[in-house]
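Hi,

Here is the structure I promised to pass on to you. Have a look at it first, and then read on for what turned up in it.

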Amino acid sequence: REMETTREGGESSTQAGVQNLDRGLAYCRWAGLRVAGLCIGVDEYAHIGNLSNAVRDADAVCSELKAASNCYAEPMTSKTVTSTAGDLIRSVRKRLQEPGLLKDPPLLFVLHYAGHGIQTKEKKVYLVPGNARTDHPDDLERECLSLDTLMRTLRQELDEPVLQKFGEARAIVFLVVLDACRVPGPNRSFDGALACEPAPESAPLRYTIVFSCSRTTTASDGPSGGHSPFVRA
């Protein structure tokens with residue numbers, strides 16, 4: 001029994017040591033960067049057509065960022081973190097709360113999204129998770145992730161804490177890249193150009209949003225096994 005207790009205590013100590021090591025490595029990865037990034041890709045959809053290259057595009061962008069000097073990025077392409085709007089925003093929030101980002105903030109934070117997107121005549125842009133339904137307008141707010149919510153999360157979880165700690169001199173520039181369509185989705189249509197910016201109060205102090213296509217148009221996924229035109233460029 002004493003041996004069993006000792007062995008169990010040793011295993012507990014080892015597990016705690018591994019967890020501390022993981023936290024330490026994560027801190028080192030995210031602290032003191034020139035550029036930090038998250039690359040989201042969604043290929044598989046339960047209720048609308050699948051995409052061929054969104055995950056591949058996210059991985060490619062992530063690899064390019066990690067290959068640059070003093071830059072680090074992580075992919076978010078697993079179905080466990082991209083199936084629902086809740087899964088998606090919780091995963092983004094978890095990355096933004098990495099202690100290293102606040103201890104020594106990056107100059108630039110890149111969030112790249114590749115997947116289905118919807119833009120409505122009410123001037124709202126949505127990222128579509130894998131299990132989301134988009135048949136009815138009410139589905140969008142309930143099952144998709146709005147750009148406004150995403151920008152508000154960037155502001156609350158990273159931008160504001162950095163501003164409070166360091167002031168505007170260390171404000172992060174947020175670059176949000178959406179390689180996604182800007183059409184209203186199945187069975188809906190609209191006329192005219194649409195505003196695409198989130199409400200000013202929901203955005204970080206310094207940010208830029210880049211779309212891969214014009215308003216009211218679709219974004220090409222590219223040839224199977226390849227990349228979208230936007231990522232290739």
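Let's begin with a term: a charge sits over a ring if NZ of Lys or CZ of Arg is within 6 Å of the ring centre and within 35 degrees of the ring normal. You can find a case at arginine 170, whose charged end sits over the ring of phenylalanine 166, 4.8 Å from the ring's centre.

Before the rest, a word on what you're looking at. This is a predicted model, so local features need pLDDT of at least 70 and side-chain atom pairs count only at pLDDT 80 or more, while totals for chains, interfaces and linings use all residues. Residues are numbered from 1 along each chain as its sequence is written, and side-chain values use heavy atoms, with hydrogens and water left out.

Now the overall picture. The chain has 8 helices and 8 strands; these are DSSP runs numbered from the N terminus, with helices being H or I of at least four residues and strands E of at least two. Of the 233 residues, 43% are buried, where buried means under 20% relative accessible area, exposed over 50%, and partly exposed in between (1.4 Å probe, protein chains only). Take the contacts (heavy atoms within 4.5 Å) with a separation of 6 or more: 70% of them come from residues 24 or more positions apart.

Next, the aromatic rings. Rings of Phe, Tyr and Trp (its six-membered ring) pair if their centres lie within 6.5 Å; planes under 30 degrees apart count as stacked, over 60 as edge-to-face and the rest as tilted. How many aromatic pairs does a search of the whole structure find? It finds 2. Tryptophan 30 and tyrosine 72 make an edge-to-face pair, 5.0 Å centre to centre with 85° between the planes. Tryptophan 30 is in helix 1 (residues 2–30) and tyrosine 72 in strand 2 (residues 71–76), so this pair ties together parts 42 residues apart in sequence. Tryptophan 30 is buried at 0% relative accessible area, and tyrosine 72 counts as buried too, at 15%. Phenylalanine 109 and phenylalanine 174 have ring centres 5.9 Å apart and planes at 45°, so that pair is tilted. Phenylalanine 109 belongs to strand 3 (residues 108–114) and phenylalanine 174 to strand 7 (residues 173–179), so parts 65 residues apart in sequence are tied together.

On to charges. There are 9 salt bridges in the structure, each being a side-chain nitrogen of Lys or Arg within 4 Å of a carboxyl oxygen of Asp or Glu. One of them joins aspartate 139 and arginine 142 (2.7 Å, N to O). Both residues lie in helix 6 (residues 137–143), 3 residues apart, about one turn of the helix.

Strand 4 and strand 5 (residues 125–127) pair over 3 bridges, and isoleucine 118 stands opposite tyrosine 126 in strand 5.

Cheers

Notes: Two strands pair if DSSP finds at least two bridges between them.
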